[in-house]
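Q: Could you take a close look at one part of this model for me? I'd like to know where it sits and what it touches.

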Amino acid sequence: MSTPPPPYRPLPPATRADTDTEPALNGLALASLPVGLLCLPPLGVVFGIVALVRIARTGERGKALAITGLAVSLAMTAALVLVTARAADGLFDRPQTAPRYEEAEGELTPMDEMRRGDCFNVPGGDLLAERPFIYRIACAEPHEGEVTSSTRLAHGAFPGTSELRRFAVDACWKAQDAYAMDTWALPSYAETFYFVPSPESWSGGDRRLLCVIGTAEQEHRGSLRKDATMLTPQQVAFLRVMNGADLALGGQPDEEIDEELPRYREWAGAVDRSLGVEAGLLDGVRERPELAGPAGVQLKEVEAARTGWQRAARAEKPAEFQTAWDEASAALSVETEKALRGAYGLATTVPEWLAGQSDGSDGDPEDSAVEDSAA
């Protein structure tokens, strides 16, 4: 009699203790992450792909490592391609876009070392460049600029571009009037420029305000300096008063009269006060024989002009102000001032910015533009 076989009973699943050895960790999977991240990303991509293929065939460990290494290597490869492309673009574009470095006649000098009376050149004669390279040179040589003042501004927060510009314009007009007091003696191509710090250079400690007479439009030799040390006391007293009057006239508000009538009235009052100072000087020199005639004529015109400016200062409507302004401007004659300057032994060539007064226009001194060379 045969014995039936025992009931079927499946074998228990093998456990780690039942196996002889643990599957090996794939070396390429382990290497793909550091190679892709730190060394050579394209090689990391190769390592990751080969590792995945081998793991699928041999059952080795490291699949997660290989996937992570492959992803990181792909990302790093893409970044490397992008950076390389941009660098190549910059390398090939630079010869066409980068400005050529230019020099100028003279000795390259930091702007902080420039002082009143120094003459200089700039590359290309570009006095409108922001903080240009300055080449100091003897004033007897051809030059494009002459420093009328060099000052350091107060420390603190950047005052703002508009406020800094207003301060520079006022300061540089005054500096020029003190440096070249006989303004009628300046050549027609001379212009006033200034260099001020930009917001970026201000944050780096730059505080230098450089006021300049620019002569880049024509070849110019010799200094334009004609200050109080080079004139007689009578000439100095006269020019200070006349330049003060011109400066007051140049303070005209930028806005239209109907927009800022109160500011125009204030301006008219300032002009009247400056002409009052001039009237006092003229009255005091009428006893001098060489000045009596032209000083007397100028005094009458100044008093007539003051009457117009006083009405302008009281005007309640823009039209009233304009009428008074026109009358005040017409009261002063350029020919009378020319004769008076000749009596003082000063220049008698009427400057272009003032020539308009002879035909009834305002003759605003601001027409002799102050050029902004900042940011």
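This is a predicted model: local features need pLDDT of at least 70, side-chain atom pairs count only at pLDDT 80 or more; totals for chains, interfaces and linings use all residues.

A: Arginine 341 counts as buried because its relative accessible area is 0%, and the cut-off for buried is under 20%. As for its place in the fold, arginine 341 belongs to helix α10, which covers residues 334–343. Leaving aside residues up to four places away in sequence, arginine 341 is in contact with Asp182, Thr183 and Trp184, with Phe238, Leu239 and Met242, and with Leu346, Ala347 and Thr348.

Now for some background on the whole chain. It has 11 helices and 7 strands, and 39% of its 375 residues count as buried. If you look at contacts with a separation of 6 or more, 70% of them come from residues 24 or more positions apart. The accessible surface of the chain is about 21000 Å², and carbon and sulfur atoms make up 56% of that.

Serine 150 has 17% relative accessibility, so it counts as buried. Its side chain makes a polar contact of 3.1 Å with the side chain of arginine 208. The side chain of serine 150 also reaches the backbone oxygen of methionine 114, at 2.9 Å. Both of those partners turn up among the residues that serine 150 touches, again not counting residues up to four places away in sequence: Met114, Arg115, Arg208, Leu209 and Leu210.

Notes. Residues are numbered from 1 along each chain as its sequence is written. Side-chain values use heavy atoms; hydrogens and water are left out. Helices (H or I, at least four residues) and strands (E, at least two) are DSSP runs, numbered from the N terminus. Buried means under 20% relative accessible area, exposed over 50%, partly exposed in between (1.4 Å probe, protein chains only). Contact means heavy atoms within 4.5 Å. Accessible areas come from the Shrake-Rupley method with a 1.4 Å probe; for residues, only the protein chains shown count as cover. A polar contact is a pair of N or O atoms within 3.5 Å; within protein, one must be able to donate a hydrogen and the other to accept it, and residues adjacent in sequence count only if both atoms are side-chain atoms.
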